[in-house]
Protein chains: 2
Amino acid sequence: MRPIVVRSLVVAAITLAAACGAGASEANNPQDIAAVNTLRTAFMTAFNSGDAAGVGQAYTADAIEAGNHTPSLSGRDAIVASHKQMFEQMTAKIVLTPEETKTMGSSGYDRGTFKFTMTPKAGGAAINDEGRYLVLLEKGTDGSWHVARDIDNSTLPLPAPPAPMPEKKKGK
Amino acid sequence: MRPIVVRSLVVAAITLAAACGAGASEANNPQDIAAVNTLRTAFMTAFNSGDAAGVGQAYTADAIEAGNHTPSLSGRDAIVASHKQMFEQMTAKIVLTPEETKTMGSSGYDRGTFKFTMTPKAGGAAINDEGRYLVLLEKGTDGSWHVARDIDNSTLPLPAPPAPMPEKKKGK
């Protein structure tokens with residue numbers, strides 16, 4: 001074997017190891033976890049400032065947000081429009097508390113709990129909710145992380161539907 | 001270089017390539033996708049038969065199920081116990097319709113919609129729900145897939161809390 005062949009094999013092995021290590025198989029890289037933490041904080045800051053465009057920046061262009069008791073929103077534009085409408089009518093505040101954040105290469109997820117309050121700007125009672133969220137994350141080619149899939153639900157009991165009026169009360 | 005060194009390098013490169021390909025970076029392997037489809041069907045069959053232990057077999061031992069408007073269930077035993085209690089009181093039927101199933105090495109997710117009906121065995125009105133689910137999946141060392149994290153929510157509007165009785169009706 002000529003030295004150049006050996007050198008090529010060494011280079012190939014090192015390149016392969018680097019590609020494998022830096023790619024899909026590298027789990028919980030501290031830089032990635034830090035970037036996801038930054039993303040979560042940026043989302044909260046935008047949300048709690050009533051900044052719909054800023055909220056949209058947390059998501060991929062083709063993200064799907066499945067909000068509880070509402071139709072799914074497909075795409076960043078729909079997510080921004082929905083938040084814009086909400087922020088026009090409501091002062092909304094959210095706190096996300098992560099319980100599990102994992103990345104593997106260019107994908108990952110973040111899971112935790114939320115507390116949410118929404119107060120009508122026109123006055124009236126605040127609406128409170130608390131529960132859990134799970135988001136699927138994607139790392140872009142520029143190294144930034146975004147939310148690609150978003151679902152949440154509530155730990156509060158489902159309100160009972162209005163009971164029919166008891167017979168003795170009817171018409172009185 | 002001695003031939004044995006070259007041979008070692010070739011073996012190292014091939015081993016690395018195989019480990020990389022068969023490991024975390026292999027996305028959407030058809031066998032893995034098929035196994036997840038089988039898992040989903042097995043879950044529905046167990047659920048719709050009222051088989052709590054069978055439902056539990058769909059989950060990892062340390063799975064977390066976050067059912068809408070209920071506390072989280074941690075671990076297969078808690079998931080089985082909760083389903084056992086439900087199936088004792090209710091005839092429950094679920095249909096899952098996947099919209100997106102992805103695997104990468106030993107992890108993955110399945111996302112889609114559900115329709116759910118629960119009829120009290122003691123009589124009374126059925127409870128219907130429909131919405132979306134997102135589960136995170138894990139592949140065991142034996143090649144089998146299980147649900148590790150489970151969250152769902154509803155596309156139906158949240159029932160309004162019971163309205164206070166109008167003033168003119170009070171005490172009449």
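In this predicted model, Glu100(B) and Arg111(B) form a salt bridge in which the closest N and O atoms are 2.7 Å apart. The two residues are eleven positions apart and connect distant parts of the chain, Glu100(B) belonging to strand β3 of chain B and Arg111(B) to strand β4 (residues 107-120) of chain B. Both partners are buried, since Glu100(B) has a relative accessibility of 11% and Arg111(B) a relative accessible area of 12%, and a residue counts as buried under 20%.

Glu100(B) also meets a residue of the other chain, for its side chain forms a salt bridge with that of Arg149(A), at 2.8 Å from N to O. Because Glu100(B) lies in strand β3 (residues 90-104) of chain B and Arg149(A) in strand β6 of chain A, this pair joins two chains. Arg149(A) is likewise counted as buried, at 10% relative accessibility.

Turning to chain A, Glu100(A) forms a salt bridge with Arg111(A), with 2.7 Å between the closest N and O atoms; here strand β3 of chain A supplies Glu100(A) and strand β4 of chain A supplies Arg111(A), eleven residues apart. Glu100(A) is buried at a relative accessible area of 11%, and Arg111(A) is buried at 13% relative accessibility. Through shared partners, salt bridges join Glu99(A), Glu100(A), Lys102(A), Arg111(A) and Arg149(B) into one network. Over all chains, the whole structure holds 14 salt bridges.

The strands that carry these chain A residues belong to an open sheet of six strands with mixed pairing, in the order β2-β1-β6-β5-β4-β3 (chain A), whose edge strands, β2 (73-74) and β3 of chain A, each pair on one side only. Within this sheet, β4(A) and β5(A) run antiparallel and are joined by twelve bridges, and Tyr109(A) has Leu136(A) in β5(A) as its bridge partner. The helix α2(A) lies across β1, β3, β4, β5 and β6 of chain A, and runs at about 170° to β3(A).

Nonpolar side chains tend to be buried together in soluble globular proteins. In this structure the largest nonpolar core has 28 residues, and those with the most contacts inside it are Phe43(A), Phe47(A), Tyr59(A), Met86(A), Ile94(A) and Phe116(A). Several elements of chain A each supply at least two residues of this core, including α4 (76-89), β4 (107-120) and β6 (145-154), while the largest share, six residues, comes from α2(A). Leaving aside residues up to four places away in sequence, Met86(A) touches Phe47(A), Ala92(A), Phe116(A) and Met118(A). A second, separate core of 27 residues includes Ala58(B), Tyr59(B), Met86(B) and Ala92(B).

Definitions and conventions
Residues are numbered from 1 along each chain as its sequence is written. Chains are lettered from A and ligands numbered from 1 in the order in which they are written. This is a predicted model: local features need pLDDT of at least 70, side-chain atom pairs count only at pLDDT 80 or more; totals for chains, interfaces and linings use all residues. Side-chain values use heavy atoms; hydrogens and water are left out. A nonpolar core is a set of buried Ala, Val, Leu, Ile, Met, Phe, Trp, Tyr and Cys residues joined through side-chain atoms within 4.5 Å. Buried means under 20% relative accessible area, exposed over 50%, partly exposed in between (1.4 Å probe, protein chains only). Helices (H or I, at least four residues) and strands (E, at least two) are DSSP runs, numbered from the N terminus. Contact means heavy atoms within 4.5 Å. Two strands pair if DSSP finds at least two bridges between them. Axes are lines fitted to C-alpha atoms, for helices over the stretch in contact, and angles run from 0 to 180 degrees between N-to-C directions. A salt bridge is a side-chain nitrogen of Lys or Arg within 4 Å of a carboxyl oxygen of Asp or Glu.
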